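Visitor: I am new to this structure. Could you walk me through some of its strands and helices?

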Amino acid sequence: MYQYTDFDKAFVKQRADQFRDQLERWQAGKLPEDDFRPLRLQNGWYVQRYAPMLRVAVPYGEINSAQIRVLAKVAREYDEPEAAVFQAALDGQGKMGTTYLPKNCAHFTTRTNVQFNWIPLAKAADVMDLLATVNLHGIQTSGNCIRNTTTDALAGIAPDEIVDPRPYAEILRQWTTLHPEFAFLPRKFKIAITGAKEDRAATGWHDVGLHLLKNEAGEVGFKVFVGGGMGRTPVIGTVIREFLPWNQIMNYIEAIVRVYNELGRRDNKYKARIKILVKAEGQAYIDAVEEEFRQIVEVDGGPHTVPQAEFDRVAAMFSTPDLSSHPAVSAEQANAELLQQVAAKPAFARWVQRNVHAHANPALRAVTLSFKRVGQAPGDATGEQLDALADLVDVFSAGEARVTHDQNVMLPWVHASELYALWQKAKELGLASTNVALLTDMIACPGGDFCALANARSLPIADAITARYQDLDELDDIGEIDLHISGCINSCGHHHSGHIGILGVDKDGKEWYQVTLGGSDGSTLSGNAVAGKVIGPSFSAAEVPDVIEAVLTTYRDLRQPGEHFIDAVRRIGLDPFKEAGKAARHPVEAEEEALA
C-alpha cells in the first residue's frame, strides 16, 4: 500500500488548516456563501437534503486499519445530526412510510470513497483535522475536477493480471491533485484503470478508461478509451488509442483534457460531460487530441513524461506487505487443509465459494466481507462494525483492506490456512454474509432519503428486495446477478450497468421506478459494457419487489442448464420479461401511473 511522503502529509495537513480558516471566516460572515461553496466542495463537503455530506477520498480503494479506525471514530462521534434537523427529516420521511435515515455510520461508494451524511458544518474542520492524522482527506471527491482514480479491487494480486495498475493510479493521483487546469473543467471527470484480462474496473463507463497491456515486444502500454459515462445519456467509451507507451500517459491525458476544456460545453451542465463532446465530434475530437499530444511531445518536449526512476519509486511502495507473523504453512499444506475444512463444514464451504477469491500467490486468498444485509443500507457500516473490521484487517490481512466498486470491503492478504479462523471471527461480528455477487449484493445510492437531487428513494426498495430474498439456496439457484438502484437519472447507483437496473423517477410529485434489463459493466460475466433497456411503464414502490420476482421467475422458467441471468436475457430478448412485469402490476398503481 502506498505510503504518503512527507510532502503528501504536509499538503494534507495544510489543506485541513486552510479549510478551518475558510470555515471560520464563513461562519463569521466574512466569506460570502458563493465564495465558500467551491472551497468546501474542493474538500469533499456537500449540502444534501437535510444536512451536510462529507466524501472522504480512498484513492484506488486501498485503506489501512488505522484509517478505518479513524473513520469509525468519525461515525461514532461526528455523524450525529442535530436533534431538530433529524426530527424534521423523520417527519418528512414518515409521510412516505418507512423511514430510512441511518446515522453514526459510514457509506462505501462505487468510486471506493467513504461518505458521511450527518456531520454538522460547525464540526467540519475538526473532522478534517482528525482525518489528516491518518492521511485521509476529501480532495478530488467533488467539484468539476479529475476525481478519485479507481481500479480493480484485486489489483496487484489477481491471477489474471498483466500489469499492476496501482502505481499508475498513484502517479495520476499526485499529478492531477496539483494541476491547476484540472480543477475547473466543464464537468466532473472520472478515470478508471485495469491491468487484468478481465475488466473488473468498469472502464467503459468512465470519462477515460485505461487498459494496461503488453505488445508483442513485451513493452507496457495503455489502450485508451474516452467518453464513457452514465447519467441522462449513457455512453460507452470510444477507443482512441490502441497502444500508448506507459510513460506518455500523463502527456496524453493532458491532451485529452485540454481539448475537452477548450471545446466542452459550459452553458449546460447536462451536456457538459466529455461523453457529449466525443459523441458530437467523433473522429474530429480524436484528431484534435492526437494533434494536441503531438504538440505536447514534439514542441513542448513532453513535460509530463514519467521518468523510469519515479515510476520505480512509486511501484516499490506496492510491494507485498510483511506476512512473517503468520504461520509458515506451505501452499500445498494450506490448500489440503482447506479442502478438508470445506468438506466438513457446508456453511464454510458456501462462504469460501462466494466470498473467497483466488490470489496470485497460491498460499494466499482475497476475501470479500459483504456490507449488504436486511435493515442496513447497502454499503453502510456503523462505527462498531468499522472497529471490528479494522481488527480483522490487522489480524488476517497485514493491516490492509480495499473498498470495492460493489460497496463492500476486501481483505487482500489472507493466508489460506487462516480462512477458517477468519470465517469464524467474521460470523461472530456479523460480517460473514455469503451473498457476494448474488442478487442481494446490490449497488444502491442513498437516494431521496439523503440526496436533494433524487426523485425517489433507493433504500426502501433495496431493503424490500433484500428481505424477500433471504433464502441462500434460492439466491444460489438464481445465480450471479448485478442489481443496481439509482434514485435519479444522475445514476450514482449505476442502474444503467445492472443486469437489473432500477431508476427512481418523479411523476406529479410521486415516486415511481423504471426497471431496465441487460446492462453490464464490462466484466467477463457481463460481457461488453452496455446500457440496460427499459421494460414497460414505471412501477410504484410497492410493485417493484413483485416485478423483480416476476422477472426472476421468468428467467428460472426459461433458462437453459447453467445459464446466467444476463445470458438468458440476451438470448431470450426482453418481451417475456416485459409481460412478466406487466402481469405483476397492482391494479390501483397501474391506474395511477396511467393518469400520471
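This is a predicted model: local features need pLDDT of at least 70, side-chain atom pairs count only at pLDDT 80 or more; totals for chains, interfaces and linings use all residues.

Visitor: Which strands are the edge strands of the open sheet of five strands?

Guide: The sheet has mixed pairing and the order 6-7-8-9-10. An edge strand pairs on one side only. That picks out strand 6 (150-151) and strand 10 (238-245).

Visitor: What is the bridge partner of valine 208 in strand 9?

Guide: Strand 8 covers residues 208-214, and strand 9 covers residues 220-226. Seven bridges join them, and they run antiparallel. The partner of valine 208 is valine 226.

Visitor: At what angle does helix 7 run to strand 10?

Guide: Two helices can be described here. Helix 6 (residues 166-177) lies across strand 7, strand 8 and strand 9, at about 160 degrees to strand 7. Helix 7 (residues 249-263) lies across strand 7, strand 8, strand 9 and strand 10. Its angle to strand 10 is about 150 degrees.

Visitor: How many residues of strand 15 are buried?

Guide: Strand 15 spans residues 409-415 and is mostly covered. Buried means under 20% relative accessible area. The count is seven of its seven residues.

Visitor: Which residue takes a positive phi in the hairpin of strand 14 and strand 15?

Guide: Five residues lie between the two strands of this hairpin. The phi in question is near 70 degrees, and the residue is glutamine 407.

Methods. Residues are numbered from 1 along each chain as its sequence is written. Side-chain values use heavy atoms; hydrogens and water are left out. Two strands pair if DSSP finds at least two bridges between them. Helices (H or I, at least four residues) and strands (E, at least two) are DSSP runs, numbered from the N terminus. Contact means heavy atoms within 4.5 Å. Axes are lines fitted to C-alpha atoms, for helices over the stretch in contact, and angles run from 0 to 180 degrees between N-to-C directions. Buried means under 20% relative accessible area, exposed over 50%, partly exposed in between (1.4 Å probe, protein chains only).
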